[in-house]
Structures are given as C-alpha cells and as structure tokens.
Amino acid sequence: MSVSVEPRPAQLPLPGGREGATVRLHPLRCGEILAPPGLLERPSGPARKLRGLGFASRSRRDWPWLPVPAFLVEHPNAGAILVDTGLHPSVAIDPSQSFGRLGGRLYTFRFEAEQSVPAQLRARGLEPADVGVVVMTHLHTDHASGVSELPDATFVVDAREWDAATAPRGTLRGYRTAQFDHGFDWRTVDYGAAEVESFESFGASLDLFGDGSVRLVATPGHSAGHQSVVLRLRGREALLCGDAAYTRRAIDEDVTPLLMDDEHRWRRSLREVRRFVQRTPGLVVVPGHDGDTWSRLDDVYE
Ligand SMILES: [Zn+2]
C-alpha cells in the first residue's frame, strides 16, 4: 500500500533529557473492544484459527471486553509524551471512519468521545499540541486510530514496523494506512544501529532522551517492529508491554495468543519481558489488553 509520508530516521537522544530525571505515568483507558476469547489464548486442535476468531461460536455473550490503552508520560524537562494514541473520537459515533468499512463492521467498541486521548489530556490540563513526542509501540489499528489528533508531535516508530504497516496487504495484518498516513513528523528507530544497547534482560534498547528516563526496548513478534517502553519512576520502574504481552497471564504462565507476526520472535520477546518482570522488584507492569490489570491501575504513578 503506498503512503505519502516519508519517515526520517530519528536522531537520538531527542532533546530535553536531564540527568537523573524521573517521569510520571498516567495510564489512559480509551474505551474497550469486544474480542473473541481465543484471541488472547489460542485454542488447540484443528481449525484453531477459525475457532479462535469466534467463527464457531453462536453467541458473543462470553466474549471479553478488552481495554484499549494509551499512556501519558510527563517528563520534567522534555514535557508531555504519549505512548500510543487510543481510539479516534469519531469511533464513538461511527467506527468505520477510523477503521474502514470492514473494520467498522467487524469490531464492536464501548467508547465515548470523552475517553479519547485529546479529551483525557484536556481533563489533565493539557492540549494535544503540548505533546512533543508520541512513541508508537506498533501501528495496529487499535493503537494508531488516534494519530490524526496529534499533528504537532514527533512520532517514533520502529523502521520495521513502518515497513510492515505500509507493505501491500497490510489491512490483512491489522493495519490501516489512512489512520497514520498524515504529513506529520514521523521518525523511525533502527534497533540494528550502533547506539543500540542491551538493557537488563532486553537485547536491544534505545534511550529516548539519553537520561535513562524513557527506554524503548525492541519486542518484535506480535508485529514486525513492536517495541515496549521502560519508564523510570521515583524509586521504581514501569514496563509498558504493549502487545508483546496481552495479559499478565501471558507473562506468568504459558499462554499463547492466536495471532502473531512471528511466533519465534514473539516467544523470544516474551522471555525478555518475563525475565525483566521476575528480576525487577516493585516494577509496575502494564500488559497490552488485560481487563483485570487495567481495573486495578492507579490514575497516576510517579
Ligand atoms: Zn497489536
């Protein structure tokens, strides 16, 4: 699929870093999406993909509502940062505007415009224009739907993810270029570059502001260029898993989701996540779409 935007390589670290900085984390719950149970935990046996997608079940009564997350991160010097963009406000009225005709029919949302990222920023005294940087864990539709609401931000995405999301037949793999093909400041990171270092259990990480406060860690497998985020809070850290782990059970037990770009890479990334979780006391762990975890999250972590 051809796109008009030509992303440029990010020059890291981005400006604004300050030695010893710690950040504040606001988890933003941007509505929910109804999903077949097999999506989180794939069934075994024949035709498991079809059954996992719910084609065999007549009722949707036992389908879980999955939270759609985004995160506001406040850096004392670099300002407001977002991780992912949640659902576009239009999804509250007509999901097909953001998700396309097919997506609009396929997905069921529980979402009100007040749950959109711009509304949640305003509720905290910020405007979308105050957001300097948006880190995209990946570009799947439930993470990129709100991109158009942040025209002034610099977007940071793994180069492999951009390539996958803009390749032919991307719609079949969970992308919709209309959501993110805007002439904004798109920047790609390259986890093969010289400045890439290992960090704790993660084989490849990038220090976004050069002060250790916001680290991007490569966790490919769910999608081609998925990245997770490690934040330094006061006296502890937070791990925003993104879809490297949908649920806490995926980390603690051996639960495999239905759809992965590359199962081998997904397993390797999950091992790195699991090791980090096991070895890091006090860590705030936020899996991608875990209703139980999200119901227990605080409004702010610092
Ligand atoms: Zn995803």
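This is a predicted model: local features need pLDDT of at least 70, side-chain atom pairs count only at pLDDT 80 or more; totals for chains, interfaces and linings use all residues.
Residues are numbered from 1 along each chain as its sequence is written, and side-chain values use heavy atoms, with hydrogens and water left out.

Q: Which protein residues are the donors of the zinc ion?
A: Donors are N, O and S atoms within 2.8 Å of the metal (3.2 Å for Na, K and Ca); water is not among the atoms, so sites may look incomplete. Here the donor atoms lie 2.1 to 2.4 Å from the zinc ion. The residues that supply them are His-138 (NE2), His-140 (ND1), His-222 (NE2) and Asp-243 (OD).

Q: What is the arrangement of the four donor atoms around the zinc ion?
A: Four donors count as tetrahedral if all angles lie between 85 and 135 degrees; four count as square planar and six as octahedral if opposite donors are over 155 degrees apart and all others between 65 and 115; anything else is irregular. The angles at the zinc ion run from 88 to 178°, which makes the arrangement irregular.

Q: Is Asp-243 buried or exposed?
A: Buried means under 20% relative accessible area, exposed over 50%, partly exposed in between (1.4 Å probe, protein chains only). His-140 has 11% relative accessibility and therefore counts as buried. Asp-243 has 3%, so its class is buried.

Q: How many aromatic pairs does the whole structure hold, and what is the geometry of Phe-155 and Phe-184?
A: Rings of Phe, Tyr and Trp (its six-membered ring) pair if their centres lie within 6.5 Å; planes under 30 degrees apart count as stacked, over 60 as edge-to-face and the rest as tilted. A search of the whole structure finds 11 aromatic pairs. For Phe-155 and Phe-184, the centres are 6.0 Å apart and the planes are at 20°, so the pair is stacked.

Q: Where do Phe-155 and Phe-184 lie, and which residues are in the cluster linked by ring pairs?
A: Phe-155 is in strand β7 (residues 154-158) and Phe-184 in the loop between α6 (177-180) and β8 (185-189), 29 residues apart. Both Phe-155 and Phe-184 are buried. The cluster linked by ring pairs consists of Phe-155, Trp-162, Phe-180, Phe-184 and Trp-186.

Q: Which residues form a nonpolar patch on the surface, and what is their accessible area together?
A: Patches are made of residues with over 30% relative accessible area and no salt bridge: like charges are joined within 9 Å, nonpolar side chains (Val, Leu, Ile, Met, Phe, Trp, Tyr) within 5 Å. Accessible areas come from the Shrake-Rupley method with a 1.4 Å probe; for residues, only the protein chains shown count as cover. The patch is formed by Leu-102, Leu-106 and Tyr-107, and their accessible area together is about 310 Å².

Q: How many residues apart in sequence are the parts that Glu-302 and Arg-24 tie together?
A: A salt bridge is a side-chain nitrogen of Lys or Arg within 4 Å of a carboxyl oxygen of Asp or Glu, and the structure holds 13 salt bridges. Glu-302 forms one with Arg-24, with the closest N and O atoms 3.0 Å apart. Glu-302 lies in the segment after α9 (291-296) and Arg-24 in strand β2, so the sequence separation of the parts tied together is 278 residues.

Technical notes:
Helices (H or I, at least four residues) and strands (E, at least two) are DSSP runs, numbered from the N terminus.
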